[in-house]
Amino acid sequence: MLSSQTADLVQRFLTPANQVDFPNDPTLQKQLNEAWTFNLTGFTQQGITGNPWNSMNAANNTWYFNPVTTDPTNVVYQPIQWNAFPGRLEYYYGGGGGTNSQNLLLPLNDLQALADTGKTASGKPFSELPQITNPCSGAVSNYGPFGPRGWQDEYCEWSVERNANGDIVRIDFTCENPEYWNSLWAVSPEKVLELYRSTLGKPQIQLADLYLNDPVRKTPIVDPSTGRPAYNPLNKWNSGPVSTATQGGAMHLTSTPNTLQTEIGLASAATVPRPGGNGNAQSLICCAQYGQPARNSDPHIGQSVNQLVAPPNPAQASMKATLANPPGLYIQMPDFASFNYQSPDKTPVSEFWTVVRGTPELKDEQGRKLPGNYILHATFQVPASKPYTVSDLTINGQKIQWASQVAQTFLMQITGAGLKQTDTAPVQSCVATPPTQFAQPLQIFHAAVFQALVQTNVPNVMGVPMNLASNSTLIAPRVKPGQTHVSLVITADTLSSSGGFPTVSFGDGITATVQSRADVTYAVPGNTYPAPVAALLVSINVSATAAPGPRSLWVTNPGQSQSVGFPAALHVVSA
């Protein structure tokens, strides 16, 4: 029998690394815990639902389970690790197996510079490099993801501070997911400001610096979910790979695929056994169509989860799988010994690595030590009292010119969890396009927030048009019983081009009217590349007796029957 403390813990999703950001305010911490559990429960339901609208063999992923509603006694943990350096750079431009139109092979120094800055050591940006060919689809495209540090797509991003001589004086590495920071902002913007200042070591940061502003009026956009200014995830202190006293820094992930909801979706999709077994990670990701091929992360994560469900050794029991509680992406300690880190005065270089957020060790609800490290944010910085900088340190005899050299010496991790089963999961064919497609809900926003996001241009080194909607999240907007004429925007795919507007429904107690339809282009969170989708402007009325809790979203094309609802799209909160 579980203790009362354990029973309480397993009924909620723990924050990443079980981080407690309101140590002196239990009321606000409780609000955050409740919001985080609501959001993660929704992401889990979405991952299990999969895509039943416009894909075959990509839905009803019931071999993925919710760790919060499962007795953890028999859970088996498995660390799933990959290198933090962007694998697609090596694959496409470093001779790792990729192809491009000019068969360009860059030297290691150029790859390291690209990983840091989005440019080669000689200053050549991605826009001047050959296009790349997707090994699954054969599609030729510019290198992506886009965004101020979009190429850092292994769920680890960093910013670099240099002195007047160009020497590295500080590197900030982060793997914190954007969903957590949006959840924290909804509880207390002041706490977010406090943590920005302390984590980045920049007391000059102001609360207004973090606001989402109207791109024309330059005034804060009020988020109807909270009644306070909305958060800008690409604010000037969390944008790009360069950190200075006036802008830049790496507080949380910003590359469009680097979200926790994506990680849950990838893991849930990977629980489906596919034909031909699971011996090849790249062929599995091509068959199942989750994540992005050629990353260090996605193919390996998918194969590792898949092998929990369908072990290559027939003598091993099949398991249902999930991400262990607390779900998150975690930095591992650099391997200072194997990579022969050295300092000029023989000070152990490990002393210059500081865990700012997260923890080197973590235990589960039952007191069992979880595998690996649970680091969310770390700095690499030589104390000012030393007569040298990070650039004077060496790795395998080479001076550190780029932060990516350090990234090559540590791993990232998610912690998988399995529950042994007496039966086996059925093998499904590769994901394909069905003969009949239904409207697919993608995201939902309060209209004012969406308009500000989609109208805010995001400069990027790729030189590709991009807007801030690509850095949104799938956190459900909040509405209250009794509210009327609430303006929402729903983005959707595979809508009919004729027959009028689709029908939108949220179930009992909410009526919805589609007012207009437009086309927008952005990267739905989790996607590498922007794509055109439909944006529906919808007005809803919430009954005074509407039950609080999560609401699914149905979007139905004219003349079609109602398909599956998109889980936890809207959050009805108590008045």
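Helix α2 passes helix α7 in a right-handed crossing, a term for the near helix being turned clockwise from the far one by less than a right angle, anticlockwise being left-handed. The model is predicted, so local features need pLDDT of at least 70 and side-chain atom pairs count only at pLDDT 80 or more, while totals for chains, interfaces and linings use all residues. Residues are numbered from 1 along each chain as its sequence is written, and side-chain values use heavy atoms, with hydrogens and water left out. Helices (H or I, at least four residues) and strands (E, at least two) are DSSP runs numbered from the N terminus.

**Helix pair α2 and α7**

- The axes of α2 (residues 26-49) and α7 (residues 260-269) come within 8 Å and cross at roughly 35 degrees. Axes here are lines fitted to C-alpha atoms, for helices over the stretch in contact, with angles from 0 to 180 degrees between N-to-C directions.
- On the α2 side, the residues that meet α7 are Trp36, Leu40, Phe43, Thr44, Gln46, Gly47 and Ile48. Their partners in α7 are Leu260, Gln261, Ile264, Gly265 and Ser268; contact means heavy atoms within 4.5 Å.
- This contact divides into 6 nonpolar residues, 6 polar and no charged. Nonpolar covers Ala, Val, Leu, Ile, Met, Phe, Trp, Tyr, Cys and Pro, charged covers Asp, Glu, Lys and Arg, and the others, Gly among them, are polar.

**Nonpolar cores**

- The largest nonpolar core has 144 residues, and Phe173 and Phe380 have the most contacts inside it. Such a core is a set of buried Ala, Val, Leu, Ile, Met, Phe, Trp, Tyr and Cys residues joined through side-chain atoms within 4.5 Å. Buried means under 20% relative accessible area, exposed over 50% and partly exposed in between (1.4 Å probe, protein chains only).
- A second, separate core of 12 residues includes Ala17, Leu362, Leu370 and Ala417.
- Not counting residues up to four places away in sequence, Phe173 touches Cys156, Glu157, Trp158, Ile331, Trp353, Leu376, His377, Ala378, Ala403, Val406, Ala407 and Phe410.

**Helix α11**

- Within α11 (residues 447-455), the residues Ala447, Val449, Phe450, Ala452, Leu453 and Val454 are buried.
- The buried residues of α11 pack against β6 (222-223), β16 (440-446), β18 (486-493), β20 (510-522) and β21 (531-542).

**Cysteines**

- The count is 2 disulfides, a disulfide being a pair of cysteine sulfur atoms within 2.5 Å. With bonded cysteines counted along the chain, the pattern is 1-2, 3-4.
- Cys136 and Cys286 form a disulfide with sulfur atoms 1.9 Å apart. The torsion about their S-S bond is about -80 degrees, so this disulfide is left-handed.
- The pair links distant parts of the chain, 150 residues apart: Cys136 is in the loop between β2 (132-133) and β3 (140-141), and Cys286 is in helix α8 (residues 281-288). Cys136 is partly exposed at 33% relative accessible area, as is Cys286 at 24%.
- A disulfide joins Cys287 to Cys430, S to S 2.1 Å. Its torsion about the S-S bond is -105 degrees, and the link is left-handed.
- Cys287 in helix α8 and Cys430 in the loop between β15 (411-420) and β16 are 143 residues apart. Cys287 is buried at 8% relative accessibility, whereas Cys430 is partly exposed at 33%.
- Cys156 is in no disulfide and is buried at 0% relative accessibility. The closest cysteine sulfur to that of Cys175 is in Cys156, 6.6 Å away and therefore too far for a bond; Cys175 is buried at 1%.

- Ile168 lies in strand β5 (residues 168-174) and is buried at 0% relative accessibility. Leaving out residues up to four places away in sequence, Ile168 touches Val160, Glu161, Arg162, Thr389, Val390, Ser391, Ile400, Gln401, Trp402 and Ala403.
- Pro550, in strand β22 (residues 549-556), is partly exposed at 47% relative accessibility. Beyond neighbours within four places in sequence, Pro550 is in contact with Phe38, Ala568 and Leu570.
- Pro550 and Phe38 are 512 residues apart along the chain, and their C-alpha atoms are separated by 8.1 Å.
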